[in-house]
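Try each task before reading its solution.

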Amino acid sequence: MTPTYSARISALLMLMIIAVGGCLMAPLSVPITYQPESNVTPVPGASSVHVHVVGEDQRANTNNVGQYDQQSVVTSNNVGDTARDAVQSELQARGFVIDNGPASTEVRVQIVKLNSHFFSTLFYSSCTAELTMHVEVERPGKVIAYSQSFDATDTTHPAVFGSVSKDFGDALSGALEQGVAKLFDDPAFMNALLAKP
C-alpha cells in the first residue's frame with residue numbers, strides 16, 4: 001500500500017521541522033585567540049629565571065561561554081590551554097626561559113569565569129565578555145610567592161551583517177587579552193618571578 005499524498009506531505013513537513021529545530025539548537029562554536037603584545041622590552045634578570053606555565057579551566061562547564069537566542073555558545077579550543085599559551089608567550093617575550101625542570105618556578109593560570117552576553121535591539125547590538133582569572137606563582141619547595149585574581153570585561157559592537165560567531169570570539173578574546181595585560185602590569189608578579197630564593 002503506497003502512502004497518500006497528504007501522508008507524504010505530513011512526513012516531509014515533520015522532517016523539515018526536525019531539521020530546522022536541530023539547526024537552531026546546535027551550539028554556536030567560537031574561537032578564543034590571543035594576540036601577543038608588541039614591542040615588549042626584555043626584563044633585566046629574566047634570562048636566568050626558568051618558568052613552567054600551567055593553564056587550568058576551573059569553570060563548572062568548560063565548554064559553554066554564553067547563550068545566543070536559543071543557541072548555547074561553546075569554545076572551539078581549550079580555554080585553559082589558550083590562557084596558558086598567552087601568559088607563556090608574554091613571559092618568553094620578556095626574556096624568561098620556559099622550562100619544566102625541577103628548579104623551575106611554576107606559574108598557574110586559572111580561568112575561574114569566562115562568559116559572554118549578546119544584547120540586540122532594532123538599532124543597536126553588543127556582545128560583552130567577562131573574565132575572572134586567578135594567577136599563582138609557586139617557587140621550588142612549594143612556596144607560593146604570588147596569588148592574585150583579575151577581572152576583565154570586553155564589549156564589541158557587531159556590524160549589521162557581521163558574523164555572530166566572530167563577535168562572540170572577539171569579545172571573549174578581548175577579555176582574555178585584558179586579563180593578561182592586567183597581570184603583566186602588576187609589579188608584584190614580576191617581583192615574585194625575579195626574587196631570589
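**Exercise 1.** In this predicted model, work out how helix H2 and helix H3 are oriented to each other, and which residues make their contact.

*Solution.* 

Step 1. Start with the geometry: H2 spans residues 79–93 and H3 spans residues 164–184, and the two pack at an angle of about 40° with their axes 11 Å apart.

Step 2. Now classify the angle. Angles under 35 degrees count as roughly parallel, and 65 to 115 as roughly perpendicular; H2 and H3 are therefore oblique to each other.

Step 3. For the handedness, H2 passes H3 in a right-handed crossing.

Step 4. Next, list the contact. H2 brings Thr82, Ala83, Ala86, Val87, Glu90 and Leu91, while H3 brings Leu176, Val180, Leu183 and Phe184.

Step 5. Sort these residues by class: the contact of H2 with H3 has 8 nonpolar, 1 polar and 1 charged residues.

**Exercise 2.** Find the largest cavity and say which element gives the most to its lining.

*Solution.* 

Step 1. Count first: the structure holds 1 cavity of 30 Å³ or more, and the largest cavity has a volume of about 30 Å³.

Step 2. Its lining consists of Ile32, Val79, Thr82, Ala83, Ile111, Leu114, Leu131 and Leu176.

Step 3. Assign these to elements: H2 and strand S6 (105–120) each give two or more residues, and H2 gives the most, with 3 residues.

Step 4. Finish with the classes: the lining of the largest cavity has 7 nonpolar residues, 1 polar residue and no charged ones.

Definitions and conventions: Residues are numbered from 1 along each chain as its sequence is written. This is a predicted model: local features need pLDDT of at least 70, side-chain atom pairs count only at pLDDT 80 or more; totals for chains, interfaces and linings use all residues. Side-chain values use heavy atoms; hydrogens and water are left out. Axes are lines fitted to C-alpha atoms, for helices over the stretch in contact, and angles run from 0 to 180 degrees between N-to-C directions. Helices (H or I, at least four residues) and strands (E, at least two) are DSSP runs, numbered from the N terminus. Angles under 35 degrees count as roughly parallel, over 145 as roughly antiparallel, 65 to 115 as roughly perpendicular and the rest as oblique. A crossing is left-handed if the near helix is turned anticlockwise from the far one by less than a right angle, and right-handed if clockwise. Contact means heavy atoms within 4.5 Å. Ala, Val, Leu, Ile, Met, Phe, Trp, Tyr, Cys and Pro count as nonpolar, Asp, Glu, Lys and Arg as charged, and the others, Gly among them, as polar. On a 1 Å grid over the protein atoms alone, a cavity is a set of points where a 1.4 Å probe fits but cannot get out, and a pocket is an open set with protein on both sides within 12 Å along at least five of seven lines; lining residues have an atom within 4 Å of a point. Grid points are joined across faces, edges and corners, and a volume is the space filled by probe spheres set on the points.
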